[in-house]
Amino acid sequence: MFGLMITALEQGLVFGIMALGVYITFKVLDFPDLTVDGSFPLGAAVASIIIFNNGNPLLALFFATVAGITAGCITGLLNTRAKITGLLSSILTMTALYSINLRIMGRANVTLLNSRTIFTYLEEWGVPHSWVFLALFTIAAFLIKSLLDCFLKTQIGFALRATGDNPEMARANGINTDTMKILGLSLSNGLVALSGALVAQYQGFADIGMGIGTIVAGLASVIIGEMMLGERSIGVATFASLMGSFIYRLSIGIALRLGFAATDLKLLTTILVIIALSTPKIRNLLRSTTSSAVSNGN
Amino acid sequence: MLELKGVTKIFNAGTVNENVVLRDINLKVDEGDFISIIGSNGAGKSTLLNVIAGVYAVDKGTILLDGRDITRMPEHERARFIGRVFQDPMKGTAPSMTIEENLAIAYCRSSRRTLKWGLNNKLREEFRQKLAETGLGLENRLNYKVKLLSGGQRQALTLIIATMVKPKLLLLDEHTAALDPSTARQINNLTEEIVLQKGITTLMITHNMEHAIKMGNRLIMMDKGQIILDIKGSDKASLTVNELVDMFEEAAHRKFDEDRVMLRVSNG
């Protein structure tokens, strides 16, 4: 049980960085962004190939993030400049990234088991092997969460939030909503790619198929977190995304223990997201039927 | 200060649904003018304001503001010097952001946004004072989310947002039409107070003839995409509803009839 919790914490935090990215597009910007299914493996691919060729793992993380930012930027440009709808723009980028990721890796997967990852370095600096993942992921996830909180409280952060909340009001107040969309998508996919780069080093390989379902897992995390903690403030909302990510990974761990095949998990996740997304509706439905039953009784 | 020259706007040009909404509009607005705009549905009033604000591009003509050609300037850039309040109270504010955050967004309207904090205590104090002046009791609810406010409170807030940084031009598109009569009166009073106190050049669309006559120093009537009446100065000051109806019939060459219903909903 302890092992299960630790694994869920490690995974929850490292995928939590991805969930924070999804939070930016899904909650702040109100933009349905499927780019993440491509930018997550993109980050993994870029980082892996650098590390595989004995590059510096910090540089690998940096370039992975930059690659993710570029991917988000392209989705943003497709949407705002080419006037393609948001969803389709992101699907286009995602699909293109499949080929690009294969090009970057040169094959369907890259193993890092014999390479010097960021964890190799940390262990050499004296971080004990059993804590190295948890230590780095905790610091990274909470550092990014705090930076994101701060950013969303700046003048530009306000502009980004207004763009998602009421674009008409944003434009009437001199905000270039196109620029804000591009900025939000870039930021989001940068985080998603960074998460992918860390996950590749964590699991010891990058795989062309590792991005499938990223958006659903991210949505599941954001929604679970929101149901548990609400969104009273930015700080609470971003913490909720990390928390939701942990709960999500824990449920997956439990499902595996219960004997579900790993290949069934996408189906389970999808069902989870459907239930979570429709819960408020179910609740409202129940409420309205009870209240109408009451008024009929009167 | 604002000048429209030969402005024409056609919707669905080249199709069977082609609709000339603005037909060769020429209008010169002087500094400090407070113009009320009336006209029946489909006269082109809202389109006129939207064209000035940059929501729609014009098909012909030029728009000058303080001598500068803004015809091709995008909406968000014009917003640096044009404030707007819409008919729908939902449109002018960001609902899931707080009152103070909404005001902070307005505060940055004409300057470049940076990575400085959007809010600080000095700003909060300034906002609190501004809200206290309106007498709506919002000054103690700075951190309330705007979606919790009533339609009237939202319109008042939108007015403050639109005039936070004094705009060169204020565009009010039937901003009291969705409110109940007493709230509408309150918002109208606030409008006059802000506009006159700050001396903001204003264009205000209204469906209410009495408001149109009572408020402002100039009255424009539109019909079928054209300005058919432009009354200012002492003529405007002594104007009555019946005179206005007569003038309409003479200018539009048709009876006022159906428009009368539209224009005289004047219980406010």
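A residue is buried if 20 or more other C-beta atoms lie within 10 Å of its own, exposed if 12 or fewer, and partly exposed in between, with C-beta atoms placed from the backbone. By that count A:Asp30 is partly exposed, with 15 other C-beta atoms within 10 Å.

This is a predicted model, in which local features need pLDDT of at least 70, side-chain atom pairs count only at pLDDT 80 or more, and totals for chains, interfaces and linings use all residues. Residues are numbered from 1 along each chain as its sequence is written, while chains are lettered from A and ligands numbered from 1 in the order in which they are written.

**Positive phi values**

A:Asp30 is found in the loop between H1 and helix H2 (36-52) of chain A. Helices (H or I, at least four residues) and strands (E, at least two) are DSSP runs, numbered from the N terminus. B:Asp66 lies in the loop between strand S4 (60-65) and strand S5 (68-69) of chain B. B:Asp66 is exposed, with 12 other C-beta atoms within 10 Å.

| Residue | Phi |
|---|---|
| A:Asp30 | near 55° |
| B:Asp66 | about 50° |

**Chain A**

A:Ile24 sits in helix H1 (residues 2-28) of chain A. A:Ile24 is buried, with 30 other C-beta atoms within 10 Å. Leaving out residues up to four places away in sequence, A:Ile24 touches A:Leu29, A:Gly184, A:Leu187 and A:Ser188. Contact here requires C-beta atoms, placed from the backbone, within 7 Å.

Helix H11 (residues 234-257) of chain A has 24 residues. Its first and last C-alpha atoms are 35 Å apart, close to the 34 Å expected at 1.5 Å a residue. The expected span is 1.5 Å times one less than the number of residues. Buried residues of H11(A) include A:Ala237, A:Leu242, A:Phe246 and A:Ile252.

**Chain B: helix H6**

At 1.5 Å a residue, the 18 residues of H6(B) should span 26 Å, and its end C-alpha atoms are 26 Å apart, which agrees. The buried residues of H6(B) are B:Ala184, B:Ile187, B:Asn188, B:Leu190, B:Thr191, B:Ile194 and B:Val195. They cover an arc of only 165° around the axis, which puts them on the same side of H6(B). The arc is that of the directions from the helix axis to the C-beta atoms. On the other side of H6(B), B:Ser182 and B:Gln197 are exposed. The cover over the buried residues of H6(B) includes H5, helix H4 (121-134) and strand S3 (34-38) of chain B.

Helix H5 (residues 151-163) of chain B packs against helix H6 (residues 181-198) of chain B at an angle of about 10°, with axes 10 Å apart. The two are therefore roughly parallel, a term for angles under 35 degrees. H5(B) contributes B:Gly152, B:Gln155, B:Ala156, B:Leu159 and B:Thr163 to this contact. The contact residues of the pair divide into five nonpolar, six polar and one charged. Ala, Val, Leu, Ile, Met, Phe, Trp, Tyr, Cys and Pro count as nonpolar, Asp, Glu, Lys and Arg as charged, and the others, Gly among them, as polar.

**Between the chains**

The contact between the chains takes 20 residues from chain A and 25 residues from chain B. On the side of chain A that touches chain B, helix H7 (155-165) and helix H8 (167-172) each give two or more residues. H7(A) gives the most, with eight residues. By class, that side of chain A has seven nonpolar, eight polar and five charged residues.

Conventions
Axes fitted to C-alpha atoms, helices over the stretch in contact; angles between N-to-C directions. Parallel < 35°, antiparallel > 145°, perpendicular 65-115°, else oblique. Contact = placed C-beta atoms within 7 Å.
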